[in-house]
Amino acid sequence: VGVRGCIYIEAFKQTHVKAALTGVNALGMGKWQQPMVPINEMADVLKVVSEPMAIKTHSWVRIKRGVYRDDLAQIDYVEHNQNKVVCKMLPRIDYKKVKSMYKDREPVQSRFRRSAKGRPAQKLFDADLVRSLGGELK
């Protein structure tokens, strides 16, 4: 519920409000009424009511952060109790990183940094490519 068209200024005294409004011509002290809100009504007036978004299974969303930023994903299922959503999306597997991992069998810190070229392209998992690079699949 809420009151539209009103501006609320939080202050202890009306003189503080008048001092805050000096220089603001649109809110001049003679043009508009500036009544004080009773203390018992203050919490109700400033209460922010936000409507939760209706997230449904099989709907589409766009990822905002991480490697999958700006990718589309489909919602698989929603757990409202735990604020958890599981999405299906195309993976971004860096096969060059996989190749360098199996080359020496010793992971080096610099191999795990993101390259300057950006993120890997969206592709489905290719088992033959991983085997050809020397990877093992179970």
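Mentor: Helices are DSSP runs of H or I with at least four residues, strands are DSSP runs of E with at least two, and both are numbered from the N terminus. Read along the sequence, this chain gives the pattern α-α-β-β-β-α-α, with four helices and three strands. The model is predicted: local features need pLDDT of at least 70, side-chain atom pairs count only at pLDDT 80 or more, and totals for chains, interfaces and linings use all residues. Residues are numbered from 1 along each chain as its sequence is written, and side-chain values use heavy atoms, with hydrogens and water left out.

Trainee: What makes β1 and β3 edge strands?

Mentor: The open sheet has the order β1-β2-β3 with antiparallel pairing. β1 (60-62) and β3 (84-88) each pair on one side only. Two strands pair if DSSP finds at least two bridges between them. β1 and β2 (residues 72-79) have three bridges, and β2 and β3 have five, so both pairs meet the rule of at least two. Examples of bridge partners are R62 with L72 in β2 and I75 with C87 in β3.

Trainee: What lies between β2 and β3?

Mentor: Four residues, and the two strands form a hairpin. N83 in the turn has a positive phi of about 55°.

Trainee: Why is D71 called buried?

Mentor: Buried means under 20% relative accessible area, exposed means over 50%, and partly exposed is in between, with a 1.4 Å probe and protein chains only. D71 has a relative accessible area of 4%, so it is buried. Of the 138 residues of the chain, 11% count as buried.

Trainee: What makes M53, I55 and V85 a patch?

Mentor: Patches are made of residues with over 30% relative accessible area and no salt bridge; like charges are joined within 9 Å, and nonpolar side chains (Val, Leu, Ile, Met, Phe, Trp, Tyr) within 5 Å. M53, I55 and V85 form a nonpolar patch on the surface with about 300 Å² of accessible area together. Such areas come from the Shrake-Rupley method with a 1.4 Å probe, and for residues only the protein chains shown count as cover.

Trainee: How do you know that R92 and D71 form a salt bridge?

Mentor: A salt bridge is a side-chain nitrogen of Lys or Arg within 4 Å of a carboxyl oxygen of Asp or Glu. The closest N and O atoms of R92 and D71 are 2.8 Å apart, so the pair qualifies under the limit of 4 Å. R92 lies in the loop between β3 and α3 (95-104) and D71 in the loop between β1 and β2, so the pair ties together parts that are 21 residues apart in sequence.

Trainee: What makes D71, R92 and R119 a network?

Mentor: Salt bridges link them. R119 also forms one with D71, the closest N and O atoms being 3.8 Å apart. R119 lies in the loop between α3 and α4 (127-132), so its pair with D71 ties together parts that are 48 residues apart in sequence.

Trainee: How many salt bridges are there by this rule?

Mentor: Three. One of them joins R131 and D128 at 3.6 Å, N to O. R131 and D128 both lie in helix α4, three residues apart, about one turn of the helix. D128 has 57% relative accessibility and so counts as exposed.
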